[in-house]
Amino acid sequence: MKTFEWRSSSTEETQQLAEKLGERLQPGDVLTLEGDLGAGKTTFTKGLGKGLGVKRTINSPTFTIMKEYQGRVPFYHMDVYRLEESDEDLGFDEYFEGDGVTVVEWAQFIEEFLPDERLDITIRYMDDVTRVFTFETASDHFESLCKEILG
């Protein structure tokens with residue numbers, strides 16, 4: 001497992017990094033996002049969407065579990081927080097192995113359904129504006145992407 005860290009001191013920096021990552025993502029890529037409420041998961045996801053060419057406004061799918069956006073590839077944004085007490089497979093493979101890019105918030109609740117080839121991102125508060133992002137992966141593809149965008 002390779003680990004990378006990056007520090008952001010503004011929402012603009014967060015979105016710019018996520019946009020750079022989004023520009024390089026490929027169909028079938030799966031990312032997970034963990035972090036406290038308000039840590040910046042949706043901010044990061046908006047940047048990913050922009051990098052993927054999504055024109056619609058991206059917001060958290062808290063009450064719908066999943067929202068789909070169209071960019072250069074389909075972009076699936078899942079918030080599986082409400083599945084905490086469920087062990088039901090809602091057809092995740094269709095998304096994880098499909099022709100789009102998937103980002104999953106609160107992924108620990110569906111751990112058994114996640115593919116091994118993924119990029120796990122954790123966002124931690126440092127202060128009102130500063131966030132620390134930890135990127136972890138066992139995938140050569142995501143390791144090279146992290147090295148490229150994080151320097």
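Some ground rules before the fold. Since the model is predicted, local features need pLDDT of at least 70 and side-chain atom pairs count only at pLDDT 80 or more, while totals for chains, interfaces and linings use all residues. Residues are numbered from 1 along each chain as its sequence is written, and side-chain values use heavy atoms, with hydrogens and water left out.

Overall layout, then. The protein chain has 4 helices and 7 strands; these are DSSP runs numbered from the N terminus, with helices being H or I of at least four residues and strands E of at least two. In sequence order the pattern reads β-α-β-α-β-β-α-β-β-β-α. The C-alpha trace spans about 40 × 35 × 30 Å along its principal axes. For 151 residues a compact globule would have a radius of gyration near 15 Å, and the protein chain, at 14 Å, agrees with that. That radius is taken over C-alpha atoms, and the globule rule is 2.2 Å times the number of residues to the power 0.38.

Next, the sheet. It is open, with 7 strands in the order S1-S7-S6-S2-S5-S4-S3 and mixed pairing; two strands pair if DSSP finds at least two bridges between them. The edges are S1 (2-8) and S3 (66-70), each pairing on one side only. On average, neighbouring strands are turned by 20 degrees against each other, direction ignored. Axes here are lines fitted to C-alpha atoms, for helices over the stretch in contact, and angles run from 0 to 180 degrees between N-to-C directions.

Now the individual pairs. S2, residues 30-35, runs parallel to S5, residues 101-105, over 4 bridges, and there Leu33 has Glu105 as its bridge partner. S2 is also parallel to S6, over 5 bridges, with Glu34 opposite Thr122.

Which sense do S6 and S7 take? Antiparallel, over 7 bridges. Tyr125 stands opposite Arg131 in that pair, and a hairpin of 5 residues joins S6 to S7. S3 and S4 (residues 74-79) are likewise paired in the antiparallel sense, over 5 bridges; Lys67 faces His77 there, and the hairpin between S3 and S4 has 3 residues.

On to two of the helices. H1, residues 11-24, lies across S1, S2, S6 (119-125) and S7 (131-137), at about 140 degrees to S1. H4, residues 140-150, packs on the sheet and touches S1, S2, S6 and S7, its direction making about 30 degrees with that of S1. Contact means heavy atoms within 4.5 Å.

Last, the largest pocket, with a volume of about 170 Å³. A pocket is an open set of points on a 1 Å grid over the protein atoms alone, where a 1.4 Å probe fits, with protein on both sides within 12 Å along at least five of seven lines; lining residues have an atom within 4 Å of a point. Points are joined across faces, edges and corners, and the volume is the space filled by probe spheres set on them. The lining has 12 residues, with Leu37, Lys41, Asp79, Glu105 and Trp106 nearest the centre.
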